[in-house]
Amino acid sequence: MTSAEHSLDVRAGDQRLTVASGTTLVVGRENPSVLMLTSPLISRRHLILWFDGVWRVRAEGANGTYCNGERIERLEVRYATVLRLGDVAGPELELVPHIR
């Protein structure tokens with residue numbers, strides 16, 4: 001399968017992008033983040049997304065990353081998932097994997 005067959009749609013507010021497998025996506029408040037968010041709840045390097053057979057999240061933000069109200073450190077993204085960054089009511093990051 002090609003990397004296009006394992007893409008991940010990412011949405012944060014009005015920012016949207018599609019990430020192909022083989023790409024590591026850094027989400028944070030400052031460069032070199034690929035997806036930059038400006039909330040003070042978000043760390044400079046808040047989380048990392050990558051694909052190694054399944055899309056994965058590694059949370060690195062000081063204020064946490066939350067899924068369904070639970071703080072996470074790592075997560076496999078197998079279906080559409082909404083994360084909250086910096087607080088259980090913080091900015092949303094929507095992840096939609098596409099595996100064809």
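Reader: In which loop does Asn68 lie?

Author: Asn68 lies in the loop between strand S7 (65–67) and S8, where strands are DSSP runs of type E of at least two residues and helices are runs of H or I of at least four, both numbered from the N terminus. Before we go further, note that this is a predicted model, in which local features need pLDDT of at least 70 and side-chain atom pairs count only at pLDDT 80 or more, while totals for chains, interfaces and linings use all residues. Residues are numbered from 1 along each chain as its sequence is written, and side-chain values use heavy atoms, with hydrogens and water left out.

Reader: Why is Asn68 called exposed?

Author: Asn68 has a relative accessible area of 72%, and a residue counts as exposed over 50%, as buried under 20%, and as partly exposed in between, with a 1.4 Å probe and protein chains only. Asn68 is therefore exposed.

Reader: What makes Gly28 buried, then, and in which strand is Gly28 found?

Author: Gly28 is found in strand S3, and its relative accessible area is 0%, so by the limit already given it is buried. Leaving out residues up to four places away in sequence, Gly28 touches Ser33, Leu35, Met36, Leu37, Ile42, Ser43, Arg44, Arg45 and His46, where contact means heavy atoms within 4.5 Å. Gly28 and Ser39 are 11 residues apart in sequence, and their C-alpha atoms are 9.3 Å apart in space.

Reader: How do you know that S1 and S2 pair, and in which sense?

Author: Two strands pair if DSSP finds at least two bridges between them, and strand S1 (residues 6–12) is joined to S2 over five bridges, in the antiparallel sense. Within this pairing, Asp9 stands opposite Thr18, and Arg11 stands opposite Arg16. The two strands form a hairpin with two residues between them, and Gly13 in the turn has a positive phi of about 60°.

Reader: Which strands stand at the edges of the two sheets?

Author: Six strands form an open sheet in the order S2-S1-S11-S10-S7-S8, with antiparallel pairing, and its edge strands are S2 (15–19) and S8 (70–72), each of which pairs on one side only. An open sheet of five strands has the order S4-S3-S5-S6-S9, with mixed pairing. There, strand S4 (35–36) and strand S9 (74–77) each have a single partner strand, so one side of each is left without a neighbour in the sheet. Inside this sheet, three bridges join S3 to S5 in the antiparallel sense, and Leu25 stands opposite Leu49.

Reader: What makes a group of residues a nonpolar core, and which members of the largest one touch the most others?

Author: A nonpolar core is a set of buried Ala, Val, Leu, Ile, Met, Phe, Trp, Tyr and Cys residues joined through side-chain atoms within 4.5 Å. The largest such core has 21 residues, of which Val10, Val27, Leu49, Leu83, Leu93 and Leu95 touch the most other members. The elements that give two or more residues to this core are S1, S3 (25–28), S5 (47–51), S6 (55–59), S10 (81–85) and S11. In soluble globular proteins, nonpolar side chains tend to be buried together.

Reader: How do you know that the radius of gyration agrees with a compact globule?

Author: The radius is taken over C-alpha atoms, and the globule rule is 2.2 Å times the number of residues to the power 0.38. With 100 residues, the rule gives a value near 13 Å, and the chain has 12 Å, which agrees. Of these 100 residues, 41% count as buried, and the chain has zero helices and 11 strands.
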